[in-house]
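Biologist: Can you walk me through this fold? I have the sequence and the coordinates open.

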Amino acid sequence: MLLAASVAAGTASISPISAQDETAGVNWTVSPVRTHPSQGDVREVEGAQAELFTSEEGVTMNFRTTELEAGHVYTAWWVIVNNPENCEASPCAPAQVLGDPATLGSEVTFADGLLVDEAGRMEFAASLAAGEVPEAWYGNGLTNPMGAEIHIVINDHGPVVPELVGEMLNTLRAACTDDTVPAPYPDNAKADGTAGTNACKLVQFTVFQQQ
């Protein structure tokens, strides 16, 4: 599934870029934002862009996007593959990331949450230090910040539920029905937040492949 300098937002089609400032010891990677495959044909989100800054100390992401629904709560999630050389495909397929975390050194944890007051441009932003990560799904941490493949995934929790809004902004499944939490997720992720009546869904993502 992740706040430093940023560049201007790109246009509808953005080619992945990766560069390294050897003096500062920082990698910079920019990637397009795409609709999530669970919602049908994948396409780039027009005017959206995501950036990743990495150093030996950790990672920072900016995820600027559009097409989010007003009145909905969204959370962004770090999906870390510490050992991308062990992936069967490039980029790593979600099924392997979730199904073989030991081999890939996979890790998933919360990045950011937003309540969309008005439909339009929104930005998720987060940083994660190298080492153990908070509320980790698998306990593998972030051990290879400058070489990891990192995905950011956006989860739509649906319309605001007033009594659950705090949880909706900070947990995986708050306000979601059981059947809209993906089955491959581990039990600790499925228990992260109070169940509700909203049909939650994964709506956008980006993949950072560092060079």
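This is a predicted model: local features need pLDDT of at least 70, side-chain atom pairs count only at pLDDT 80 or more; totals for chains, interfaces and linings use all residues.

Biologist: Start simple. How many helices and strands are there in the protein?

Modeller: Four helices and ten strands. From the N terminus, the order is β-β-β-β-β-β-α-α-β-β-β-α-α-β.

Biologist: What share of the residues is buried?

Modeller: Of the 211 residues, 49% are buried. The accessible surface is about 9400 Å². Carbon and sulfur atoms account for 52% of that surface.

Biologist: On to sheets. What is the strand order in the open sheet of five?

Modeller: S3-S10-S9-S6-S7, with antiparallel pairing. The edges are strand S3 (34-35) and strand S7 (106-115). Each has a single partner strand, so one side of each lacks a neighbour in the sheet.

Biologist: What holds paired strands together, in general?

Modeller: Backbone hydrogen bonds, in either a parallel or an antiparallel arrangement.

Biologist: And how many bridges join S6 to S7?

Modeller: Nine, with strand S6 (residues 72-81) running antiparallel to S7.

Biologist: Now S5. Is it mostly covered or mostly open?

Modeller: Mostly covered. Eight of its eight residues are buried.

Biologist: Which residues sit on which side?

Modeller: One side of S5 has Gly 58, Thr 60, Asn 62 and Arg 64. The other has Val 59, Met 61, Phe 63 and Thr 65. Both faces are covered, and all of these residues are buried.

Biologist: Which strands does S5 pair with?

Modeller: S4 pairs with S5 in the antiparallel sense over seven bridges. A hairpin of two residues joins S4 to S5. Thr 54 has Val 59 of S5 as its bridge partner. S5 also pairs with S8, again antiparallel, over eight bridges. There, Gly 58 stands opposite Ala 129 of S8.

Biologist: What about the interior? How many residues are in the largest nonpolar core?

Modeller: It has 28 residues. Those with the most contacts inside it are Met 61, Phe 63, Trp 78, Phe 124, Ile 150, Ile 152 and Ile 154. Strands S4 (49-55), S5 (58-65), S6, S7, S8 (122-129), S9 (149-159) and S10 each supply at least two residues of this core.

Biologist: What lies apart from it?

Modeller: Another core, of 19 residues. Trp 77, Val 81, Val 108 and Val 153 are among them.

Biologist: Aromatics next. How many pairs does the structure hold?

Modeller: Five. One of them is Phe 63 with Phe 124, an edge-to-face pair. Their ring centres are 6.0 Å apart and the planes make an angle of 75°. Phe 63 is in strand S5 and Phe 124 in strand S8, so this pair links parts of the chain 61 residues apart. Both are buried.

Biologist: And why do you call the Trp 77 and Trp 137 pair tilted?

Modeller: The planes of Trp 77 and Trp 137 stand at 50°, so the pair is tilted. Their ring centres are 6.3 Å apart. Trp 77 is in strand S6, while Trp 137 is in the loop between S8 and S9, so the pair ties together parts 60 residues apart in sequence. Both tryptophans are buried.

Biologist: Which residues do ring pairs link into a cluster?

Modeller: Trp 77, Phe 110, Trp 137, Tyr 138 and Tyr 185.

Biologist: Last topic. How many disulfides does a search of the whole structure find?

Modeller: Two. They follow the pattern 1-2, 3-4, counting bonded cysteines along the chain.

Biologist: What does Cys 87 join to?

Modeller: Cys 92, with an S to S distance of 1.4 Å. Cys 87 is buried at 14% relative accessibility. Cys 92 is buried too, at 3%.

Biologist: And what about Cys 176?

Modeller: Cys 176 is joined to Cys 200, S to S 2.0 Å. The torsion about that S-S bond is about -95°, so the disulfide is left-handed. Cys 176 lies in the loop between helix H3 (165-168) and helix H4 (187-190), and Cys 200 in the loop between H4 and strand S10 (201-209). The pair therefore ties together parts 24 residues apart in sequence.

Biologist: Are those two cysteines buried or exposed?

Modeller: Buried. Cys 176 is at 2% relative accessibility, and Cys 200 has a relative accessible area of 7%.

Terms used. Residues are numbered from 1 along each chain as its sequence is written. Side-chain values use heavy atoms; hydrogens and water are left out. A disulfide is a pair of cysteine sulfur atoms within 2.5 Å. Buried means under 20% relative accessible area, exposed over 50%, partly exposed in between (1.4 Å probe, protein chains only). Two strands pair if DSSP finds at least two bridges between them. A nonpolar core is a set of buried Ala, Val, Leu, Ile, Met, Phe, Trp, Tyr and Cys residues joined through side-chain atoms within 4.5 Å. Accessible areas come from the Shrake-Rupley method with a 1.4 Å probe; for residues, only the protein chains shown count as cover. Rings of Phe, Tyr and Trp (its six-membered ring) pair if their centres lie within 6.5 Å; planes under 30 degrees apart count as stacked, over 60 as edge-to-face and the rest as tilted.
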